[in-house]
Amino acid sequence: MATATQRQEFLSRIVPLATADMKTTKILASLTIAQAILESGWGLSGLTKRSNNLFGIKGKGVASKTFEYINGKRVDITDNFKAYPDWETSVADHSGLFLRLPRYHNLIGETDYKEACRKVQADGYATAPNYAEVLIRLIEQYKLYQYDVQPKLKKYRVVFPYISTKGECESIIRWVQRNAKYTAIIEEEK
């Protein structure tokens, strides 16, 4: 169990990374921080200390003991986990996972931390049956929702005068949202 000092040191390192990441990825900082707390044991796990892996992301790198829930029962296993040069890269890969894999796309732009926690569990991030509940409890206990402040966005109007169909508009909107990370809407000309 982490001491109050260890928790504060962890938060002082992870909060700036998670909030900066949220500005570019639209993944809630509170979700990122809560997952890092849970998966790394406040940065004190052997995996985190050896490989800067804050989120238990599997891949080539470091073999480590862990557990999974299979058919509702905890099973101890050894698995391979990614190694990172620093925490910033670990945070970037965590949100990158959510941006790359379609099953996590429902997290992008989610503004309700409780919904984000439920979605990340439903999307299959972890096998623990109470994963979302634990994340929500961490967010509320440590008031991590305070880091989910969204910057005020300026609105810009872009007009494409030669688009002839609504389908073409929808294709452009999908491209803009995927590649430029902007929100776009269709407004018919009156």
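Predicted model: local features only at pLDDT ≥ 70, side-chain atom pairs only at ≥ 80, totals over all residues.
Lys73 came up first: with a relative accessible area of 60%, Lys73 is exposed, because the cut-off for exposed is over 50%. I then checked where Lys73 sits, and the answer is strand 2.

**Entry: the hairpin**

Strand 1 (residues 61–70) and strand 2 (residues 73–82) run antiparallel, and ten bridges join them. Which residue of strand 2 does Phe67 stand opposite? I found Asp76 there. Next I went to the turn. The hairpin has two residues between its strands, and Asn71 takes a positive phi near 50°. A reminder to myself: most residues other than glycine have a negative phi.

**Entry: helix 2**

I moved on to helix 2, which covers 29–40.

How many of the twelve residues in helix 2 are buried? I got ten, so I wrote the helix down as mostly covered, with buried meaning under 20% relative accessible area. Among the buried ones are Ala29, Leu31, Ile33, Ile37 and Ser40. I looked up what they pack against, and the list is helix 1 (4–25), helix 3, helix 4 (87–100), helix 5 (113–122) and helix 6 (131–141).

**Entry: phi angles after the helices**

Just after helix 2, I noted Gly41 with a positive phi of about 60°. Then I looked at Trp42, which is in the loop between helix 2 and helix 3 (46–51). Trp42 isn't a glycine, yet its phi is positive too, near 60°. Is Trp42 buried or exposed? Its relative accessible area is 9%, so I put it down as buried.

My last stop was Asn52, in the loop between helix 3 and strand 1. Asn52 is not a glycine, but I found a positive phi of about 60° here as well.

Terms used: Residues numbered from 1 in each chain as written. Heavy atoms only, no water. Pairing = 2+ DSSP bridges. Helix = DSSP H or I, 4+ residues; strand = E, 2+ residues; numbered from the N terminus. Buried < 20%, exposed > 50% of the residue type's maximum accessible area, 1.4 Å probe, protein only. Contact = heavy atoms within 4.5 Å.
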